[in-house]
Amino acid sequence: MTSRHRSSETPAPSSAELTDTRSPSRRTVVKAAAAGAVLAAPLAAALPAAAAGAVPAFLHGVASGDPLPDGVLLWTRVTPTPEAVPGSGTGPDTEVSWVVATDKEFTDIVAKGSVTATAASDHTVKADVRGLAPATDYWFRFSAGPTDSPAARTRTAPAPDAAVAGLRFGVVSCANWEAGHFSAYRHLADRGDLDAWLHLGDYIYEYGTGEYGTRGTVVRPHAPAHEILTLADYRVRHGRYKTDPDLQALHATAPVVAIWDDHEIANDTWSQGAENHTEGVEGAWAARQAAAKQAYFEWMPVRPAIAGTTYRRLRFGKLADLSLLDLRTFRSQQVGLGNGDVDDPDRTLTGRAQMDWLKSGLASSDATWRLVGNPVMISPFAIGSIPAELLRPLAELLGLPKEGLALNTDQWDGYTDDRRELLAHLRANAVRNTVFLTGDIHMAWANDVPHNAATYPLSASAATEFVVTSVTSDNLDDIVKVPEGTVSAIAAPVIRAANRHVHWVDTDRHGYGVLDVTADRTQMDYYVLSDRTDPDATSKWARSYRTRSGTQRVERVYSPV
């Protein structure tokens, strides 16, 4: 997600498929020197108070991810000694065993094994369990010495050729620890009806304390306090996130399918740098990117694709294929002053290999629905005649010049040749029922994805897109510091008038989505939170939109599934 709040993320399909540097223009040596005092604060800040208790301990919960018809990836971290906290690089090798059962009491164990947790992997543990039955709930836990981890539920995907009546996914994006509590995760966990949940990026944020939008108030401080730059830093930050009880609860309820966006690495990441990285002052970009990716794969239940990317494809019976994109690793630098043209065919968002993989997968899929996990919005977005008092905060949120610009160059709008190629491919191959599931922008949207936005709705729609708002990260009312709904009441009609393919946009609220898929339609139910700063925030349904099979258009529904 692009933001500027300092002043106020040929691979071929992996086995998981089942299938120029930036100048230090606004950065300071003083700030970077402070960040360079790596781990100056106690590493123990990344741990809950319980860390002082018995060891070995499972202080960061347990998780599962990337469900397959015959298996799932299990994850945990063990703390073998009180000193072996995230990022410390210390602690003994520790044998960690795992079991999978059909019941919560673990009377019917169907798989078991063990793995050695070491300091080299920050004492994180992954077990890629196979030999399970498709479309089945399982329970799992880990053990180290006398200590058992909490028990957790997971679920395998349906068999590739199975006729599936329905699927239900939680959908989230953009969780800034300092801006609030993760009540969205708690409400998704409480449902108990998810086949899996999708995290569409910005699972963590890289900024130092107080450097990213929090409506002027840090609700709870990061660890480490400085901007994260090194492998140890990224490990500490992941460790801090994994202590959140609501996040732990959701991980213990259903498998996650996660992709990264930019903040898992640095704001506005591209292949050779990032807006939020000063080469030299903050070390080498290649080293920082490698550290961020290593920590991500250590701390997330994600199977890395070839060359350490997050693009891969999962299948859920004949009902849905889910293609997951990595739109940071291969992209050209975002367009800026004297920095190229958004229409330049030599610039890319996806990279050639990923684009070919995506096009091939969409065209060859025999599933009813082709879902695409998409880190940044693909629908075109023109600002239009937004009043001056709203243009400045909107530009701040999107990272646009304050005088305005008719696109957000960090999204697909900044790489229009890639978008045209993909949409033309959908048209040429009569690919139907493609639904993009998107995060990043801290606002909720329901969009058609037109072949030609200038002539829409007379021109055809190639696909549809459901964008979820942020879990906690600032949106427009937070930036302007006005009551929730104030900005959206003014901005939403203007945005829709300038973008006729946009059916709905909510610029102000925080929450999550629930995607329900049947053969007849794909429906997104949008839920909003009462107060992101309240750990006991309530949740309520806000809106629902669906795409009926064969239509490639969004329509409103007046009740959730």
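Which residues does R77 touch, not counting residues up to four places away in sequence? Select R77 and find out: A57, F58, L59, H60, G61, A84, V85, P86, D122, H123, T124 and W299, where a contact means heavy atoms within 4.5 Å.

Before going on, some ground rules. This is a predicted model, in which local features need pLDDT of at least 70 and side-chain atom pairs count only at pLDDT 80 or more, while totals for chains, interfaces and linings use all residues. Residues are numbered from 1 along each chain as its sequence is written, and side-chain values use heavy atoms, with hydrogens and water left out.

**Stop 1: still at R77**

R77 sits in strand β2 (residues 71-77); helices (H or I, at least four residues) and strands (E, at least two) are DSSP runs, numbered from the N terminus. R77 is buried, at a relative accessible area of 0% (buried is under 20%, exposed over 50%, partly exposed in between, with a 1.4 Å probe and protein chains only). Now show the backbone oxygens of A84 and V85. The one of A84 is 2.9 Å from a polar atom of the R77 side chain, and the one of V85 is 3.5 Å from a polar atom of that side chain.

**Stop 2: the open sheet**

Next, colour the seven strands that run in the order β14-β15-β16-β17-β19-β18-β20, an open sheet with mixed pairing (two strands pair if DSSP finds at least two bridges between them). At the edges you'll find β14 (312-316) and β20 (502-506), each pairing on one side only. On average, neighbouring strands here are turned by 20° against each other, direction ignored; axes are lines fitted to C-alpha atoms, for helices over the stretch in contact, and angles run from 0 to 180 degrees between N-to-C directions.

Zoom in on β14 and β15 (residues 320-324), which pair in the antiparallel sense over five bridges. Pick R312 and you'll see L324 of β15 opposite.

**Stop 3**

- Select A223 and P224: a cis peptide bond joins them, with omega about -10°.
- Select Y456 and P457 for another cis bond, omega near 10°; P457 is in the loop between β18 and β19.
- Select K481, a residue other than glycine with a positive phi near 60°. K481 lies in the loop between α9 (476-480) and α10, and is exposed at 51% relative accessibility.

Terms used
A polar contact is a pair of N or O atoms within 3.5 Å; within protein, one must be able to donate a hydrogen and the other to accept it, and residues adjacent in sequence count only if both atoms are side-chain atoms.
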